[in-house]
Amino acid sequence: TTATANITPKALTMFGAILASKTYDGNTNAVVTPGTLNGLVGTETLAVSGAGAFGSKNVGSYSVNTAYTLSDSGTGASAGLASNYTLANENLNASITAKALTVSGITAGNKTYDGTTSAPVSAAGIVKSGLIAGDTVTVASSGVFADKNAATGKTVNLTSTYAGADAGNYTITEQTSTTANISPAALTISGITAANKTYDGNTSATVSTGSVVKSGLIAGDTVTVASSGVFADKNAGSGKTVNLINTYAGVDAGNYTITDQTTATANIAQAALTMTAQNASKLIGQADPGFNATYSGFVNGETASVLSSASVTRTGTDTAANTYTGVLVPSASATNYSITAVN
């Protein structure tokens, strides 16, 4: 009355399944969207899901073995049908593309002018926006100022390199610049000299920068010094103070804070002045007339009013009742003149 036989599951095929490419997210998860089932009997329906995993979490192109699971999709005539069918796994192709990573927070340190564009750079406060937790991407940065000159808020151009196990999984938007200050270097001026002169009635001084010393000047830099000076007063004397006024030029002058040489010393020698007594005569028994002198050598419009104790005196007496010849002797003193007296 009975016999036995087997009913084997029917093999189905899939059309149009999709394995989604993705942006790197640090895992191997793959999203499979099944296509249309071919081979179902009559009006039967089944639900199908697919699962797979990329062979690595890293960026690249992959062929993923996708496993399908069939399940009942309804009740009634479509209930309990999943066991009547099989659906083979298939390989689907997809890619993991690099994730965006933005680097910021690299800083440059201020420095004192040193004649170079080198900049001290720090990544201590670096921010890696978009980095997945647990991933390793290291950043090494160096920088140079846009130019060597002293100024505030100067642009520092950055060059960065990236390493670490996960660096290849990111498309990196670099921080290309930052800012920092270069403060002027200290420069001390010395060695400016003033020349001795003979008293000329004014305070003008001749100044030389031929032996100037620029302590702190960086090799190759150009800072020029022009200097003028005046004596503290016009009077003759030794080791007199000459007050200096200096100006600075050259392409690198602005890169230094300059400590001026403000004074030098020099001598003002007395000017030569000749005081000549004028001849005079009188009769025996008469009082002496007024004796006078002439001068040669006054400078800058000066007159005998600048002399101290200027006088002309005579030698001898006139008691004899005959002609007498005496000598008229001039004398005077002055701070600013060396006086030669002519009798």
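Good morning. Gly229 has Leu244, in S28, as its bridge partner. The structure that holds this bridge is a predicted model, in which local features need pLDDT of at least 70, side-chain atom pairs count only at pLDDT 80 or more, and totals for chains, interfaces and linings use all residues. Residues are numbered from 1 along each chain as its sequence is written, and side-chain values use heavy atoms, with hydrogens and water left out.

A word on terms. Strands are DSSP runs of E with at least two residues, numbered from the N terminus. Two of them pair if DSSP finds at least two bridges between them.

I begin with strand S28, residues 237-249. Its pairing with strand S27, residues 224-231, is antiparallel and comprises eight bridges.

Opposite Ser142 stands Thr159 in S18.

Now to the aromatic residues. Rings of Phe, Tyr and Trp (its six-membered ring) pair if their centres lie within 6.5 Å; planes under 30 degrees apart count as stacked, over 60 as edge-to-face, and the rest as tilted. Across the whole structure, a search finds six aromatic pairs.

How are the rings of Tyr113 and Tyr256 arranged? Their centres are 5.4 Å apart and their planes stand at 75 degrees, so the pair is edge-to-face. Because Tyr113 lies in the loop between S13 and S14 and Tyr256 in strand S29 (residues 256-259), the pair ties together parts that are 143 residues apart in sequence.

For accessibility, buried means under 20% relative accessible area, exposed over 50%, and partly exposed in between, with a 1.4 Å probe and protein chains only. Tyr113 is buried at 3%, and Tyr256 is buried at 6%.

Phe298 and Tyr337 also form an edge-to-face pair, with 5.3 Å from centre to centre and 80 degrees between the planes. Phe298 sits in the loop between strand S32 (293-296) and strand S33 (308-314), and Tyr337 in strand S35 (residues 337-342), 39 residues apart. Phe298 is partly exposed at 22%, whereas Tyr337 is buried at 3%. Together with Tyr199 and Tyr295, Phe298 and Tyr337 form one aromatic cluster. Thank you.

Terms used. Helices (H or I, at least four residues) and strands (E, at least two) are DSSP runs, numbered from the N terminus.
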